[in-house]
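Dear colleague,

Please find the structure below, together with its sequence. A short account of the findings follows it.

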Amino acid sequence: MRNIQASRITEEVARLCIKANTDLNQPVEEAIRAARQTEESPVGCEILDQLLENAALARAEHLPICQDTGLAVVFVEIGQDVHIEGNLEEAINEGVRRGYTEGYLRKSVVRDPIDRVNTKDNTPAIIHYEIVPGEEVKITVAPKGIGSENMSRIYMLKPAQGIEGIEEAVLETVRLAGPNACPPLVIGVGVGGNFEKCAYIAKKALLRPVGEHAKDPFWAEEEKTLLEKVNRLGIGPQGFGGTTTALWLAIETYPTHIGGMPVAININCHVARHETVVIKEEEVAR
Amino acid sequence: MKQITTPLTRDIVKTLHAGDTVLLTGTIYTARDAAHKRMCERLDRGEALPFDIRDAVIYYVGPTPAPPGRVIGSAGPTTSGRMDAYAPRLIAEGQTGMIGKGLRTDAVVEAMKEHGAVYFAATGGAGALLASRIESAEVIAWEDLGTEAVRRLTVRDFPLTVVIDSEGNNLYIQAPEKYRK
C-alpha cells in the first residue's frame, strides 16, 4: 500500500493549472507550424503567425495563452493500492484555487447557472475519477474554455446511419461552430457507449497528444479522412476562410447497445490544454 | 493595413469594408454579458451609461488579472453572439464599433446598417499578444463584476479584421466560399 498526502496533490494541481494555461504544449505548436506551411489563405497565414507569436509571448512572459483560462477539468487515475491521506476532492479544489489565484488566471465559475454569482476562485473543478490497477496516482489538468465548449454537440444516431452518419455529425458540428470556437480547432469525437459515456470519451479524445492516432487502424484511418473533410469546409483560421479549419481530430470509441450509436463532438480551440503528472510516494508499512 | 483612431465616427465607419485589416489606436471600453445586461437596465430606467456611448467602441473581453508590473492580463475576444440580445439597443444609442469574435444575428446586422456601425474580430486565442497592445486599463464601472467589469482601455495598433461592415457585408459568409472544396 502506498501512501500519498493530499497536500502533495494540491501542489501538483496548482502547478499544472498554471503550466497548462501559459505554456502551449509542443505538439499543438508543431501542428500550427505545419499548417502555416500548407495554409492557402494569406489572411489565414497571418492568423497562424499571430497564434505562434502569442504562444511564444505567453511562454516568455508567463501570461495565459488565452484569457479564458477555463473550467478546470481534472482527470484522476487512482491506483487501487494507493491510500490518500486527507480529503482528495478538497485537495484538488484547493490546488485549483491556488493555481488560479497565484497564477493570475481568470476565475470563470459561477455557483449557480441562474443566479450566476462568481465563486471568485474558479472552484469547483470538474473532476473525473477512475480506479486503475497499481500504486500510483495520475493527474491530468485540462482547463477548457467555454467558447469552444459551447459549440460541442451530441447525436444519438441510428446504427443504420453508419460511418457516413458519424462523418455528417462531425461536419455539421464544425459548420455550426464556424468562427465561434476560434478555429483552427482540435476536435475530440466519441463514438459508442451511451449518452454520458460518449460525451466523456469525446473529452478524453482531446487529451490524446496532437499527432497521435487511434490505436485501431480502422479508426486511425477515419481520423485522417475526417480531418481532411473538415479542412475542405473552407472555414479556415478564425473563420476568415482557408484550408486550416482544424489542426487535429481524435476519435475514441466504446462498445455500445445493439440499438444505438451515440456520437459526441467536443470542440476545442487551438489552445488544447492538458498537463499530466504521475505521483509515486514513499511506501508506508501498514 | 489601415490605421484608425477613436472616436469611431460614422465617417470612419463608412470607409471600412468586410475583409479589411486595421490597426486601431485610442480609447475603447470593455463589456461582456453581465455589463451589457446592466447597461440595458440603466437605459430602461432612463439613467446614464458609465461612458459616452456615442461613437464608442466596445470590446467583448474578460481579461485575466493583471500580474504585478502589467496593466492587464491576457485579453483576447470572447464570443460576440452572447451580446446579440443587447447590441442593437446600444447601436441605436450611438455605439459605432464592436470587437469580438464569432457570428452575429440578423437583428444586430440590421441595426448596424440602419445606424452605421462596424463589427471587428480580434484573433481569438491570442490573448497575450493582444494584451501587449493595451497601454492602460482602468475599471470605470461595476467593479463587483470582476473580470466582467467595464474598463476603459487605451490601445495602440490593436490588430483587427473587419468582419461585418455598415452595409451588411459579412466576411464569415463570403470568405469560406473561396476555400470550400
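Two residues are in contact if their C-beta atoms, placed from the backbone, lie within 7 Å. The model shown above is predicted. In chain B, counting contacts with a separation of 6 or more, 61% are accounted for by residues 24 or more positions apart.

Chain B contains 6 helices and 7 strands. Read from the N terminus, these elements follow the order β-α-β-α-β-α-β-α-β-α-β-β-α.

As for its overall dimensions, the C-alpha trace of chain B spans about 45 × 40 × 30 Å along its principal axes. The radius of gyration of chain B is 15 Å, which agrees with a compact globule, because such a globule of 181 residues would have a value near 16 Å. Of the 181 residues in chain B, 51% are buried.

I turn now to a pair of helices in chain A. Two packed helices are described by the angle between their axes and the distance between the axes. In chain A, helix α1 (residues 6-22) and helix α4 (residues 88-102) have axes that come within 7 Å and cross at roughly 35 degrees. The crossing of α1(A) past α4(A) is right-handed. On the side of α1(A), the residues that make this contact include A:I9, A:V13 and A:C17, while those of α4(A) include A:L88, A:I92 and A:Y100. Which kinds of residue form the contact of α1(A) with α4(A)? The residues of this contact comprise 11 nonpolar, 4 polar and 4 charged.

A colleague

Notes:
Residues numbered from 1 in each chain as written. Chains lettered and ligands numbered in written order. Predicted model: local features only at pLDDT ≥ 70, side-chain atom pairs only at ≥ 80, totals over all residues. Helix = DSSP H or I, 4+ residues; strand = E, 2+ residues; numbered from the N terminus. Rg over C-alpha atoms; globule rule 2.2 N^0.38 Å. Buried ≥ 20, exposed ≤ 12 C-beta atoms within 10 Å, placed from the backbone. Axes fitted to C-alpha atoms, helices over the stretch in contact; angles between N-to-C directions. Left-handed = near helix turned anticlockwise from the far one by under 90°. Nonpolar A, V, L, I, M, F, W, Y, C, P; charged D, E, K, R; others polar.
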